[in-house]
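The sequence and structure are shown first.

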Amino acid sequence: MDAETWQRLLSLESRDVVSRWFQMLHKNDLNARRAKEIIASAKQAREFFRSSAGASYAVRPLLTFYGVASLSRALTLVFRKNGGEEGLAKGHGLETVAWSGRLSGDLSLALAGVGALQVRTTGGLFSDLVTATKNRIALHVRSEAVDWRLDYDVPAIGHEFALLDILDRLPDVENQFAHLKRDLRYVGIQDISFTTEAGLSLKVRAEGLKHFRSDFTDAGYSIAEQGEMVVITADAALFSQHTPQFLHTYVHKMFDTIPHLYLVSQFGPGKQYSQIAVTYVLAYFLGMLARYYPTHWTALMMGEKGDALWPSINAAQHYVEIAFPELVLELIEDALKTTETP
(Lines give C-alpha, C1' and ligand atoms only; values in the text may rest on other atoms or scores of the structure.)
Protein backbone atom coordinates (compact mmCIF):
# COMPACT_ATOMS: atom_id res chain seq x y z
CA MET A 1 0.00 0.00 0.00
CA ASP A 2 1.26 3.44 -0.92
CA ALA A 3 1.09 5.35 2.36
CA GLU A 4 0.63 8.80 0.83
CA THR A 5 -2.18 7.73 -1.50
CA TRP A 6 -4.07 5.95 1.24
CA GLN A 7 -3.57 8.84 3.64
CA ARG A 8 -5.25 11.13 1.12
CA LEU A 9 -7.98 8.54 0.51
CA LEU A 10 -8.75 8.65 4.23
CA SER A 11 -10.91 11.65 3.36
CA LEU A 12 -13.42 9.17 1.91
CA GLU A 13 -13.93 7.94 5.47
CA SER A 14 -14.86 11.37 6.84
CA ARG A 15 -18.52 12.35 6.74
CA ASP A 16 -17.73 16.07 6.80
CA VAL A 17 -15.24 15.81 3.93
CA VAL A 18 -17.42 13.54 1.80
CA SER A 19 -20.42 15.83 2.37
CA ARG A 20 -18.38 18.84 1.27
CA TRP A 21 -17.16 17.01 -1.83
CA PHE A 22 -20.69 15.97 -2.73
CA GLN A 23 -21.91 19.55 -2.40
CA MET A 24 -19.09 20.76 -4.67
CA LEU A 25 -19.73 18.08 -7.29
CA HIS A 26 -23.52 18.11 -7.37
CA LYS A 27 -24.60 21.37 -5.70
CA ASN A 28 -26.73 19.22 -3.45
CA ASP A 29 -26.62 18.00 0.15
CA LEU A 30 -25.52 14.46 0.91
CA ASN A 31 -27.98 12.63 3.13
CA ALA A 32 -26.79 10.74 6.20
CA ARG A 33 -27.54 7.27 4.85
CA ARG A 34 -25.59 7.73 1.66
CA ALA A 35 -22.69 9.27 3.54
CA LYS A 36 -22.52 6.15 5.71
CA GLU A 37 -22.62 3.95 2.60
CA ILE A 38 -19.67 5.78 1.05
CA ILE A 39 -17.68 5.68 4.28
CA ALA A 40 -18.41 1.98 4.87
CA SER A 41 -17.25 1.06 1.35
CA ALA A 42 -14.09 3.14 1.71
CA LYS A 43 -13.27 1.52 5.06
CA GLN A 44 -13.83 -1.94 3.63
CA ALA A 45 -11.57 -1.10 0.69
CA ARG A 46 -8.76 0.01 3.01
CA GLU A 47 -8.97 -3.22 5.00
CA PHE A 48 -9.07 -5.42 1.91
CA PHE A 49 -6.00 -3.69 0.47
CA ARG A 50 -4.26 -3.86 3.86
CA SER A 51 -5.01 -7.58 4.12
CA SER A 52 -3.89 -8.11 0.54
CA ALA A 53 -0.55 -6.42 1.15
CA GLY A 54 0.32 -8.95 3.86
CA ALA A 55 -1.26 -12.02 2.27
CA SER A 56 0.26 -14.92 0.38
CA TYR A 57 -0.05 -14.76 -3.38
CA ALA A 58 -2.34 -17.76 -3.09
CA VAL A 59 -5.14 -15.36 -2.07
CA ARG A 60 -3.69 -11.90 -2.69
CA PRO A 61 -5.42 -11.17 -6.04
CA LEU A 62 -8.82 -12.05 -4.59
CA LEU A 63 -8.40 -9.71 -1.62
CA THR A 64 -7.15 -7.01 -3.97
CA PHE A 65 -10.21 -7.37 -6.19
CA TYR A 66 -12.53 -7.09 -3.20
CA GLY A 67 -10.68 -3.88 -2.35
CA VAL A 68 -11.05 -2.66 -5.94
CA ALA A 69 -14.79 -3.42 -5.85
CA SER A 70 -15.25 -1.60 -2.53
CA LEU A 71 -13.36 1.47 -3.70
CA SER A 72 -15.37 1.40 -6.94
CA ARG A 73 -18.60 1.38 -4.96
CA ALA A 74 -17.47 4.34 -2.87
CA LEU A 75 -16.37 6.30 -5.95
CA THR A 76 -19.60 5.52 -7.81
CA LEU A 77 -21.71 6.70 -4.87
CA VAL A 78 -19.71 9.95 -4.70
CA PHE A 79 -20.07 10.63 -8.43
CA ARG A 80 -23.75 9.70 -8.75
CA LYS A 81 -26.05 12.60 -7.96
CA ASN A 82 -29.06 10.48 -7.07
CA GLY A 83 -29.54 7.11 -5.40
CA GLY A 84 -27.60 5.12 -2.86
CA GLU A 85 -26.52 1.49 -2.61
CA GLU A 86 -30.04 0.31 -3.37
CA GLY A 87 -29.76 1.90 -6.81
CA LEU A 88 -26.57 0.07 -7.78
CA ALA A 89 -26.89 -2.93 -10.06
CA LYS A 90 -26.13 -6.28 -8.44
CA GLY A 91 -22.97 -8.18 -9.29
CA HIS A 92 -19.45 -7.25 -10.33
CA GLY A 93 -20.49 -6.20 -13.84
CA LEU A 94 -18.26 -8.83 -15.45
CA GLU A 95 -18.60 -12.55 -16.04
CA THR A 96 -16.15 -15.23 -17.10
CA VAL A 97 -16.62 -16.77 -20.55
CA ALA A 98 -16.16 -20.56 -20.79
CA TRP A 99 -13.23 -20.70 -18.38
CA SER A 100 -14.02 -24.26 -17.27
CA GLY A 101 -13.66 -25.55 -20.80
CA ARG A 102 -10.44 -23.66 -21.46
CA LEU A 103 -8.83 -24.76 -18.20
CA SER A 104 -9.83 -28.42 -18.32
CA GLY A 105 -7.55 -31.24 -19.42
CA ASP A 106 -3.75 -31.22 -19.33
CA LEU A 107 -2.55 -28.69 -16.76
CA SER A 108 0.45 -27.45 -18.72
CA LEU A 109 -1.70 -26.79 -21.79
CA ALA A 110 -4.30 -25.02 -19.64
CA LEU A 111 -1.62 -22.79 -18.10
CA ALA A 112 -0.23 -21.96 -21.52
CA GLY A 113 -3.72 -20.82 -22.55
CA VAL A 114 -4.42 -18.56 -19.57
CA GLY A 115 -3.86 -15.45 -21.68
CA ALA A 116 -6.79 -16.40 -23.90
CA LEU A 117 -9.26 -16.46 -21.00
CA GLN A 118 -12.10 -14.02 -21.60
CA VAL A 119 -14.53 -11.97 -19.54
CA ARG A 120 -17.69 -10.22 -20.69
CA THR A 121 -19.16 -6.94 -19.47
CA THR A 122 -22.62 -7.21 -17.91
CA GLY A 123 -24.91 -5.06 -15.83
CA GLY A 124 -23.37 -4.50 -12.40
CA LEU A 125 -20.73 -2.54 -10.55
CA PHE A 126 -18.41 -2.24 -13.54
CA SER A 127 -21.04 -0.60 -15.74
CA ASP A 128 -22.14 1.61 -12.83
CA LEU A 129 -18.53 2.72 -12.30
CA VAL A 130 -17.92 3.46 -15.97
CA THR A 131 -21.19 5.39 -16.25
CA ALA A 132 -20.77 7.37 -13.03
CA THR A 133 -17.22 8.42 -13.94
CA LYS A 134 -18.28 9.12 -17.56
CA ASN A 135 -15.61 6.67 -18.69
CA ARG A 136 -13.14 9.47 -18.01
CA ILE A 137 -9.41 9.25 -18.32
CA ALA A 138 -7.34 11.97 -16.69
CA LEU A 139 -4.36 12.70 -18.95
CA HIS A 140 -0.88 13.55 -17.72
CA VAL A 141 1.10 15.17 -20.49
CA ARG A 142 3.97 17.00 -18.87
CA SER A 143 3.26 17.05 -15.15
CA GLU A 144 2.21 15.10 -12.08
CA ALA A 145 -1.04 17.08 -12.12
CA VAL A 146 -3.83 16.32 -14.57
CA ASP A 147 -3.26 18.35 -17.75
CA TRP A 148 -6.31 17.26 -19.68
CA ARG A 149 -9.25 14.89 -19.43
CA LEU A 150 -11.28 12.87 -21.90
CA ASP A 151 -14.73 11.34 -21.50
CA TYR A 152 -14.94 8.31 -23.77
CA ASP A 153 -18.32 7.08 -24.95
CA VAL A 154 -19.59 4.35 -22.63
CA PRO A 155 -19.43 1.05 -24.60
CA ALA A 156 -22.51 -1.14 -24.73
CA ILE A 157 -22.71 -4.07 -22.33
CA GLY A 158 -21.57 -7.38 -23.80
CA HIS A 159 -18.00 -6.52 -24.82
CA GLU A 160 -15.50 -9.33 -24.29
CA PHE A 161 -11.87 -8.96 -23.22
CA ALA A 162 -9.14 -11.60 -23.25
CA LEU A 163 -6.49 -11.31 -20.56
CA LEU A 164 -3.87 -10.74 -23.26
CA ASP A 165 -6.01 -7.94 -24.71
CA ILE A 166 -5.17 -6.02 -21.55
CA LEU A 167 -1.58 -7.18 -21.00
CA ASP A 168 -0.70 -6.32 -24.62
CA ARG A 169 -1.83 -2.75 -23.90
CA LEU A 170 -0.43 -2.21 -20.42
CA PRO A 171 2.96 -0.47 -20.42
CA ASP A 172 3.56 -1.16 -16.72
CA VAL A 173 4.11 -4.88 -17.41
CA GLU A 174 6.48 -4.36 -20.36
CA ASN A 175 9.65 -5.44 -18.56
CA GLN A 176 8.11 -8.80 -17.67
CA PHE A 177 6.22 -9.18 -20.95
CA ALA A 178 9.12 -8.73 -23.38
CA HIS A 179 10.30 -12.36 -23.19
CA LEU A 180 7.00 -13.56 -24.70
CA LYS A 181 7.88 -11.84 -28.01
CA ARG A 182 4.34 -10.57 -28.53
CA ASP A 183 3.38 -7.53 -30.57
CA LEU A 184 2.84 -4.77 -28.03
CA ARG A 185 -0.15 -2.56 -28.65
CA TYR A 186 1.15 0.71 -27.24
CA VAL A 187 3.77 3.35 -27.91
CA GLY A 188 5.04 6.18 -25.72
CA ILE A 189 3.93 9.67 -26.71
CA GLN A 190 6.83 12.05 -27.29
CA ASP A 191 4.68 15.12 -27.89
CA ILE A 192 0.95 15.87 -27.96
CA SER A 193 -1.12 18.98 -28.56
CA PHE A 194 -4.77 19.72 -29.17
CA THR A 195 -6.83 22.82 -29.85
CA THR A 196 -10.28 23.17 -31.36
CA GLU A 197 -8.79 25.19 -34.20
CA ALA A 198 -5.71 23.09 -34.99
CA GLY A 199 -6.99 19.68 -33.93
CA LEU A 200 -4.81 16.88 -32.58
CA SER A 201 -1.11 16.30 -33.17
CA LEU A 202 0.77 13.31 -31.74
CA LYS A 203 4.42 12.38 -32.15
CA VAL A 204 5.44 8.75 -31.51
CA ARG A 205 8.09 6.28 -32.65
CA ALA A 206 7.20 4.67 -35.96
CA GLU A 207 8.44 1.25 -34.79
CA GLY A 208 6.11 1.26 -31.79
CA LEU A 209 3.07 2.20 -33.88
CA LYS A 210 3.51 -0.42 -36.61
CA HIS A 211 1.29 -3.10 -35.04
CA PHE A 212 -1.75 -0.83 -34.75
CA ARG A 213 -1.10 1.89 -37.31
CA SER A 214 -4.28 0.84 -39.13
CA ASP A 215 -6.36 2.02 -36.14
CA PHE A 216 -5.56 5.55 -37.30
CA THR A 217 -5.33 5.22 -41.08
CA ASP A 218 -8.68 3.41 -41.20
CA ALA A 219 -10.25 6.20 -39.13
CA GLY A 220 -8.94 8.90 -41.47
CA TYR A 221 -6.01 10.25 -39.43
CA SER A 222 -3.00 11.60 -41.33
CA ILE A 223 0.43 10.10 -40.57
CA ALA A 224 3.61 11.88 -41.63
CA GLU A 225 7.05 10.27 -41.39
CA GLN A 226 9.83 12.17 -39.60
CA GLY A 227 12.82 9.85 -39.56
CA GLU A 228 12.29 7.32 -36.76
CA MET A 229 9.22 9.25 -35.62
CA VAL A 230 5.76 9.77 -37.06
CA VAL A 231 3.35 12.62 -36.50
CA ILE A 232 -0.33 11.68 -36.33
CA THR A 233 -2.83 14.47 -36.96
CA ALA A 234 -6.59 14.94 -37.15
CA ASP A 235 -8.95 17.88 -37.04
CA ALA A 236 -11.13 18.38 -33.97
CA ALA A 237 -14.20 16.76 -35.53
CA LEU A 238 -12.34 13.58 -36.49
CA PHE A 239 -10.66 13.44 -33.10
CA SER A 240 -14.06 13.71 -31.40
CA GLN A 241 -15.56 10.99 -33.60
CA HIS A 242 -12.59 8.60 -33.41
CA THR A 243 -10.87 9.41 -30.14
CA PRO A 244 -7.67 7.37 -29.60
CA GLN A 245 -7.20 5.05 -26.66
CA PHE A 246 -4.74 6.41 -24.10
CA LEU A 247 -3.24 4.75 -21.03
CA HIS A 248 -0.47 5.66 -18.59
CA THR A 249 2.20 3.99 -16.52
CA TYR A 250 1.54 4.31 -12.79
CA VAL A 251 4.25 1.97 -11.53
CA HIS A 252 7.05 3.11 -13.84
CA LYS A 253 6.65 6.90 -13.73
CA MET A 254 8.86 9.58 -15.23
CA PHE A 255 11.02 11.10 -12.49
CA ASP A 256 9.10 8.79 -10.09
CA THR A 257 6.16 11.24 -10.09
CA ILE A 258 4.70 11.74 -13.59
CA PRO A 259 2.59 8.98 -15.19
CA HIS A 260 3.97 8.44 -18.69
CA LEU A 261 1.32 8.83 -21.41
CA TYR A 262 0.98 6.13 -24.07
CA LEU A 263 -1.01 5.77 -27.27
CA VAL A 264 -2.74 2.38 -27.21
CA SER A 265 -4.53 0.20 -29.74
CA GLN A 266 -8.31 0.38 -29.31
CA PHE A 267 -10.07 -2.55 -27.65
CA GLY A 268 -12.48 -2.79 -30.57
CA PRO A 269 -14.11 -0.49 -33.12
CA GLY A 270 -15.49 2.45 -31.18
CA LYS A 271 -14.56 0.88 -27.83
CA GLN A 272 -12.34 2.94 -25.57
CA TYR A 273 -12.09 2.50 -21.81
CA SER A 274 -10.77 4.75 -19.08
CA GLN A 275 -7.71 3.58 -17.20
CA ILE A 276 -9.73 2.91 -14.06
CA ALA A 277 -12.09 0.69 -16.09
CA VAL A 278 -9.21 -1.27 -17.64
CA THR A 279 -7.64 -1.72 -14.20
CA TYR A 280 -10.94 -2.98 -12.74
CA VAL A 281 -11.21 -5.60 -15.49
CA LEU A 282 -7.63 -6.72 -14.88
CA ALA A 283 -8.25 -7.03 -11.13
CA TYR A 284 -11.33 -9.15 -11.86
CA PHE A 285 -9.34 -11.49 -14.12
CA LEU A 286 -6.70 -12.11 -11.46
CA GLY A 287 -9.14 -12.34 -8.57
CA MET A 288 -11.42 -14.84 -10.28
CA LEU A 289 -8.51 -16.97 -11.46
CA ALA A 290 -7.14 -17.22 -7.92
CA ARG A 291 -10.60 -17.76 -6.38
CA TYR A 292 -12.18 -20.34 -8.67
CA TYR A 293 -9.14 -22.07 -10.18
CA PRO A 294 -6.71 -22.37 -7.25
CA THR A 295 -4.97 -25.40 -8.78
CA HIS A 296 -4.06 -23.42 -11.90
CA TRP A 297 -3.21 -20.30 -9.92
CA THR A 298 -0.91 -22.22 -7.59
CA ALA A 299 0.69 -24.01 -10.53
CA LEU A 300 1.51 -20.66 -12.13
CA MET A 301 3.13 -19.51 -8.89
CA MET A 302 5.09 -22.72 -8.34
CA GLY A 303 6.88 -22.92 -11.68
CA GLU A 304 4.87 -25.62 -13.43
CA LYS A 305 5.27 -26.20 -17.17
CA GLY A 306 3.24 -23.69 -19.18
CA ASP A 307 3.82 -20.80 -16.74
CA ALA A 308 5.41 -18.34 -19.23
CA LEU A 309 2.78 -15.70 -18.46
CA TRP A 310 3.40 -15.75 -14.70
CA PRO A 311 5.98 -12.90 -14.60
CA SER A 312 3.52 -10.68 -16.49
CA ILE A 313 0.62 -11.70 -14.25
CA ASN A 314 2.71 -10.98 -11.17
CA ALA A 315 3.62 -7.54 -12.56
CA ALA A 316 -0.06 -6.94 -13.40
CA GLN A 317 -1.06 -7.73 -9.82
CA HIS A 318 1.50 -5.21 -8.56
CA TYR A 319 0.16 -2.65 -11.03
CA VAL A 320 -3.43 -3.07 -9.77
CA GLU A 321 -2.34 -2.63 -6.14
CA ILE A 322 -0.49 0.59 -6.93
CA ALA A 323 -2.64 2.11 -9.65
CA PHE A 324 -6.26 1.57 -8.62
CA PRO A 325 -6.24 3.60 -5.38
CA GLU A 326 -4.31 6.37 -7.14
CA LEU A 327 -6.78 6.41 -10.03
CA VAL A 328 -9.72 6.77 -7.62
CA LEU A 329 -8.02 9.65 -5.84
CA GLU A 330 -7.04 11.26 -9.13
CA LEU A 331 -10.59 11.23 -10.50
CA ILE A 332 -12.02 12.72 -7.31
CA GLU A 333 -9.43 15.46 -6.98
CA ASP A 334 -9.65 16.40 -10.65
CA ALA A 335 -13.46 16.51 -10.56
CA LEU A 336 -13.33 18.75 -7.51
CA LYS A 337 -10.78 21.00 -9.18
CA THR A 338 -12.93 21.47 -12.26
CA THR A 339 -15.91 22.51 -10.11
CA GLU A 340 -14.01 25.26 -8.35
CA THR A 341 -15.06 28.80 -9.19
CA PRO A 342 -12.20 30.72 -10.87
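## The largest pocket

By class, the residues lining the largest pocket comprise seven nonpolar, three polar and 11 charged. Here Ala, Val, Leu, Ile, Met, Phe, Trp, Tyr, Cys and Pro count as nonpolar, Asp, Glu, Lys and Arg as charged, and the others, Gly among them, as polar. The model is a predicted one, in which local features need pLDDT of at least 70 and side-chain atom pairs count only at pLDDT 80 or more, whereas totals for chains, interfaces and linings use all residues. Residues are numbered from 1 along each chain as its sequence is written, and side-chain values use heavy atoms, with hydrogens and water left out.

The space in this largest pocket amounts to about 540 Å³. Its lining has 21 residues, and R8, E144, K253, T257 and E326 are those nearest the centre. Two or more lining residues come from each of α1 (3–9) and α15; the largest share, seven residues, belongs to α15. Helices (H or I, at least four residues) and strands (E, at least two) are DSSP runs, numbered from the N terminus. A pocket is an open set of points on a 1 Å grid over the protein atoms alone, with protein on both sides within 12 Å along at least five of seven lines; a cavity is a set where a 1.4 Å probe fits but cannot get out, and lining residues have an atom within 4 Å of a point. Points are joined across faces, edges and corners, and a volume is the space filled by probe spheres set on them.

## The second largest pocket

The second largest pocket holds about 400 Å³ of space. It is lined by 22 residues, with Q241, H242, T243, P244 and Q272 nearest its centre. The elements giving two or more residues to this lining are β4 (148–151), α11 (214–217) and α12 (236–241), and α12 gives the most, four residues. The class composition of this lining is 11 nonpolar, eight polar and three charged residues.

## The cavity

One cavity of 30 Å³ or more is counted. The largest cavity has a volume of about 50 Å³ and is lined by R136, I137, A138, H248, Y250, Q275, I276, L327, E330 and L331. Each of β3 (136–139), α13 (275–292) and α15 supplies at least two residues of that lining. Six of the lining residues are nonpolar, two polar and two charged.

## Helix α15

Helix α15 covers residues 310–339; its 30 residues, at 1.5 Å a residue, should span 44 Å, and the 43 Å between its end C-alpha atoms agrees with this. The expected span is 1.5 Å times one less than the number of residues. A bend of about 30° occurs at A323, and the proline P325 follows within four residues; the bend is the angle between axes fitted to the seven residues ending there and the seven starting there. Of the 30 residues in α15, 22 are buried, where buried means under 20% relative accessible area, exposed over 50%, and partly exposed in between (1.4 Å probe, protein chains only).

## Aromatic pairs

The structure holds 20 aromatic pairs, defined for rings of Phe, Tyr and Trp (its six-membered ring) with centres within 6.5 Å; planes under 30 degrees apart count as stacked, over 60 as edge-to-face and the rest as tilted. Y57 and W310 form an edge-to-face pair, because their ring centres are 6.1 Å apart and their planes are at 80°. Y57 lies in the loop between α3 (32–53) and α4 (60–79) and W310 in helix α15, so the pair ties together parts 253 residues apart in sequence. W310 is buried, its relative accessible area being 15%.

The pair of F65 and Y280 is likewise edge-to-face, since the centres lie 5.6 Å apart with planes at 80°. F65 in helix α4 and Y280 in helix α13 are 215 residues apart, and their pair links distant parts of the chain. Both F65 and Y280 are buried. Ring pairs join F48, F65, Y66, F126, F161, F267, Y273, Y280 and Y284 into a cluster.

A98 is in the loop between β1 (92–97) and α5 (99–102) and is exposed, with a relative accessible area of 53%. N135 is in the loop between α7 (125–132) and β3 and is buried, with a relative accessible area of 0%.
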